[in-house]
Amino acid sequence: MVEKYNIRTDLALEEKERFESDQVEVQGVVLEEEYDKEREIRVTTVRIETENGAKTMGKPVGTYLTIEAPNLSSPDEGIHREVSEELAKYLIEVMKKIIPESEQDKEVLVIGLGNRQATPDALGPYVADNLNVTRHIVKEYGKYAALEEMNCVVSAIVPGVMAQTGMETAEIIKGVVRETKPDLLIVIDALAARNSRRLNRTIQIADTGINPGSGVGNYRNAITKETIGVPVIAIGVPTVVDAVTIVSDTMENLLSALETSESLKGVGLVLGGYSEAEKYELIKELIAPNLNSMFMTPKDIDETVKRLSYTISEGLNLAFSGKSFE
């Protein structure tokens, strides 16, 4: 039995594009963007603050953040270290909002979602492999044995996928949470990109939890505060892209080319009047059913996922150490 990749669609950039495409201010939704030109790192934050905003955007109330770096898919260790520090900085901010600083010995459970045997979906398990887990040390020798360098008690689990365990991931997590009683869950998963340029170049963070498998129509039980009983931060990287998205991106390039052609300019104007969502649905309908379920990934995905997993794990380790980045 083969299960589809445990992947969901990317968040903040998708919300940003929907926000901007409306060309009007959406009540209850705040869009912020920071760009470090020297390091070529762009941070986009979409905060949905009201139920009205949530209804308009089609997402739960919460914060959706994307760290975008064009060189993230390259083997440049310098950029990966900078992205790790950027990730840690924002994780610390989110964790402070969720867990009061007055609480000591905060326990964090990191969950590496995905299938280790399917490389594009192995991001979560690889991140868990590189974490500095300390819960067992604290339980055995006391908090001072590990907390001098770590600000949190950290544990990790790789629950696998239903095809391997026969159980819903949420069921496994509920059992672990009931026994270990963490203050916070951080869930790592691979994503399905809705734009080819984001592939292996963005890190998505959301404080609203996750719906595993939704990116490929393989919906599993949600992992959220409402379903698990503990606050959930989701982190992911788009590692695959579907055929519809590739065709859609190609159409955008075609439209740009049509603008320079006098004889075909009218065609470009018609297609250009479609919104991003309308174009996506149109292409999805046109290529059905042969290519609807096709997902693609770069040929060097093995090395890329290993690098990205290390970047995320280092960001987590820095955040758990409580290091200041001011």
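## Exercises on a predicted model

Leucine 65 is found in strand E4, where strands (E, at least two residues) and helices (H or I, at least four) are DSSP runs numbered from the N terminus. This is a predicted model, in which local features need pLDDT of at least 70 and side-chain atom pairs count only at pLDDT 80 or more, while totals for chains, interfaces and linings use all residues. Residues are numbered from 1 along each chain as its sequence is written, and side-chain values use heavy atoms, with hydrogens and water left out.

**Exercise 1.** Decide whether leucine 65 is buried or exposed.

*Solution.* Begin with the cut-offs: buried means under 20% relative accessible area, exposed means over 50%, and partly exposed lies in between (1.4 Å probe, protein chains only). Leucine 65 has a relative accessibility of 7%, and therefore it counts as buried. As a further step, look at threonine 45, which is 20 residues away from leucine 65 along the chain, although the C-alpha atoms of the two are separated by 4.4 Å.

**Exercise 2.** Work out how helix H3 and helix H12 are arranged.

*Solution.* Start with the geometry: H3 (residues 77-98) and H12 (residues 301-321) pack at an angle of about 45°, and their axes are 8 Å apart. Axes are lines fitted to C-alpha atoms, for helices over the stretch in contact, and angles run from 0 to 180 degrees between N-to-C directions. Angles under 35 degrees count as roughly parallel, over 145 as roughly antiparallel, 65 to 115 as roughly perpendicular and the rest as oblique; H3 and H12 are therefore oblique to each other.

**Exercise 3.** Find which residues leucine 91 touches.

*Solution.* Leucine 91 lies in helix H3 and is buried, with a relative accessible area of 0%. Using contact in the sense of heavy atoms within 4.5 Å, and leaving out residues up to four places away in sequence, leucine 91 touches Ile233, Ile235, Gly315, Leu316 and Ala319.
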